[in-house]
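Hi everyone, thanks for coming.

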Amino acid sequence: MIATLVFYMFAIFCIGSGVMVVTSRNPVHSVLFLILAFFNAGGLFVLAGAEFLAMLLVIVYVGAVAVLFMFVVMMLDVTVAEMKQGFLNYLPIGLLVVVIFIGEMLASASVWHMAPEAAANIQAKTPGVDVMSNTSALAELLYTRYVYLFQAAGLVLLVAMIGAIVLTHRKRKDSKKQVISRQLARDAKEAVVLKKVETGRGI
Amino acid sequence: MADVPNIAPVLPEIFLALAAMSLLMLGVFQKATTPDGVMRASRLTSGLGVVTLVLALILVFTVSGAKLVAFDGLFLSDPFSSYVKILILLASAFSLILAQNWLERQGAHRFEFAILLIFATLGMMMMVSAGNLLSLYMGLELQSLSLYVLAAFHRDDTRSTEAGLKYFVLGALASGLLLYGSSLVYGFSGTTDFATIATTIAAQEHTPLGLIIGLVFVMAGLAFKVSAVPFHMWTPDVYEGAPTPVTAFFSVAPKIAALALFVRVMVGPFGALVAEWQQVVVLISILSMLLGAFAAIAQTNIKRMMAYSSIGHVGYALIGLAVGNEAGVMGVLVYLTIYVFMNVGTFACIMAMRRGDRNVENITELGGLGKTHPAMAAALAIFMFSMAGIPPLAGFIGKLYIFMAAIDAQLYTLAIVGVLSSVVSAYYYLRIIKVMYFDDPGIEPLESPLPTSIVGVLVVTSLATLLFILVPSPVIGWAGTAAASLF
C-alpha cells in the first residue's frame, strides 16, 4: 500500500517535471526541473530494487550532467523567445505525428507476446537482494562475463575524447602562458633598467 | 570465481587496441611545437599505423580457419569473420598509405588521423565478429564515432565540418533505430545472444508481429550503415564534403564491415525468418541499384558520382544477401573483395587530381588525361571498365557470381533489374574514359609526377583488377569456405 503510494508520487512528479522541462519559459527553470525528474526517476529505480542505477542516476546525471547543462545554458545565453518562434507553427503537424506514432505503438503492443522460452533464456539473472546486493551483482557480471563489452565501452569513450580534442583544440596565439624556466632564468640585468631622470622632465 | 576467458580468438583485436593506444602515447609525447615536429609526429604514427594494420592482418591469418567462440558467445571467430577482417584491414592500410601525402599538402596532417583510422578499423573487426546484439552495438559505435571525427577531420574546411555534423546526426538516429529494434528482439526472446535468438525463433509456430517490427528496425539501422536506398541521403553530401582520403576509406572499409554484419545478423539469429526479411532486402536492393545507376548520371563532381556508384554497388551486393544461401553469401564476399581493389584504385586517381596547389574534383578536369598522364589514364580506365562489369576484368566476375546466385534461387526480377541497371551505370563509367581520351586538356594539365604512395597503390590495385581473371580460384575457394561457415 505504502509502496504503491510512493510509486505514484515518484511517477507523477517525474512526468510532471518532464512536462515542465519542455514548457517552462526560462531555460534555467528547465534544467532545475530536469534535475527533479532525474531524482524521481532514481526513486523509481529504488522501488524496482535497482539501487545501483538509482545512485548512478543521482550522482552522474544530477551531479555531473545537469550541472553541465546549467553551465551551457548560462554561457550560451539562449533566448527563449527565439527558440519558441516556430513552436506554434509546428504544433499541429507535431501533434499529428505523435498521435499516429502512439496509435501504431499501441497497435503493435496489443499483439505483443513474449516467446515462452524467454524467461529461461535470460542470461544474467540477478540474485535476490537477500543473497547479494544489487551493486555487487552488477559488478560480478560486468567484470567477468561482460568484460569484453566493458573494455569496448572504454575504447568508445577514449575515441570520444580524442575526437573532441582533434576537432576543437588549437594553439591560441593570444593566450599568456607561464614558462617557469624562463622566469627563473631572468636576472636583474635584463629585467631592470636604470634611467637617469632629469629634474622637472619626467620620463 | 569466473574462469579466465579464452582470449586467443580476440588476439588481433587486442593487439590493434593496444597498438592504437601506444601510438597515441607516442604521438602525444612527440615535440610538436614547430611545424617540423608536427610533420614528424604525423609521419611517424602514419607509418607505424600501416605496420600495425599489416601485423594485425597476419594475426588474423593465424586465428583463421576454425570456429572459435570467446567471452560467452559475445565474440565469434570463424572463416567468415577472418575473410572479412582481412578485406577490412587491407582497405584500411591502403587508405592510410594514400592519406598521408594528401593531408600534408592540405596542411591537415595531425597524428590523430592514423589513430582514429585504426580505432575505426578495430570497431569494424568487432562488428564482423559480433555474436550478440550488445557486442554488435559496441563495435558499431566504436566504428561510427571514429568515422564522424574523421569526416570532420579537416576542421578548417566548412564542407568537411558540415559532412561530419551531417553524418553524426543521421548516424545517431540510425543507431537509435537499431537499438530500438534490438530492444524489441530482446523483449521477445529474453536474450541478446545470436545463437539463442535463432533457436528461440525457430521454436515458434507463428512469427509474432512484435518480433517482425524489431527486425525491421534493426534492418533499417543496418541499411543506413551500408547506405542502401531509402537510407542513403547522407552519402553524397558526406562523400563530397569529407577529405578525399577519408572518402576513399568510407567507400570501402565501413561498407564491407556493415554488409558483413548485415549478412551475419540476417542469416544468423533471424535465419528462420528468411521469408520475412527477404522481401525487404529485395526491395532495398532494387531501389539502391536503380538510384545508383540513374542519379550518378547527372553528377559533375567525381566524388559525388562515386558516392552514387557506391550506393549502386551496395545494391548489387545486397542481391547476394537476398538470396540468403551459401552461394549468395559467397557472391557477396567475392564482390566485396573485387570492390576493394577497384574503389581504392579509383580514389587513388581522384587524390592525384591536383592543379597548382588545389585539388580539383570536376569530371571535366580529367580532359586530355590520356595524353598528359597515359599511365594514370590507363589505370583509371581499367577501374572504370571493371566497375561497369566489362568481361575480362575483375568487376565482371563479381557481378557474375551475384547474378548466378540470384538466378539459381529463382529471383529473376532481381537479376534482370541488376543487369539493366549495370547497363545504365556503364554510361557514366564510360563517360569518364571518353573525357580522358577524347576531350581536350584544359588550360594546364594536372600535376605530375604523382606521389610515390599513389603510384604504388595504383600499380597494386590495377594489376589485381586486371589479372584477377587469370587466378580467381584461391579467392573464390576461400570465399566459399567463409560463406559455408555461416550456415
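So, at roughly what angle do the axes of helix α13 and helix α15 of chain B cross? Before I answer, a caution: this is a predicted model, where local features need pLDDT of at least 70, side-chain atom pairs count only at pLDDT 80 or more, and totals for chains, interfaces and linings use all residues. Residues are numbered from 1 along each chain as its sequence is written, while chains are lettered from A and ligands numbered from 1 in the order in which they are written.

Okay, the answer: α13 (326-351) and α15 (374-388) of chain B cross at roughly 140 degrees, and their axes come within 9 Å. Axes here are lines fitted to C-alpha atoms, for helices over the stretch in contact, with angles running from 0 to 180 degrees between N-to-C directions. Helices are DSSP runs (H or I, at least four residues), numbered from the N terminus. Among the residues making the contact are Met342(B) and Cys349(B) from α13(B), plus Leu380(B) and Phe383(B) from α15(B); contact means C-beta atoms, placed from the backbone, within 7 Å.

Next pair: α1 (11-28) and α4 (112-128) of chain B have axes that come within 10 Å and cross at roughly 165 degrees. That makes α1(B) roughly antiparallel to α4(B) (over 145 degrees). Leu16(B) of α1(B) and Phe119(B) of α4(B) are among the contact residues.

Last, the two chains: 27 residues of chain A are in contact with 38 of chain B. On the chain A side, α8(A) gives the largest share, 13 residues.

Conventions:
Helix = DSSP H or I, 4+ residues; strand = E, 2+ residues; numbered from the N terminus. Parallel < 35°, antiparallel > 145°, perpendicular 65-115°, else oblique.
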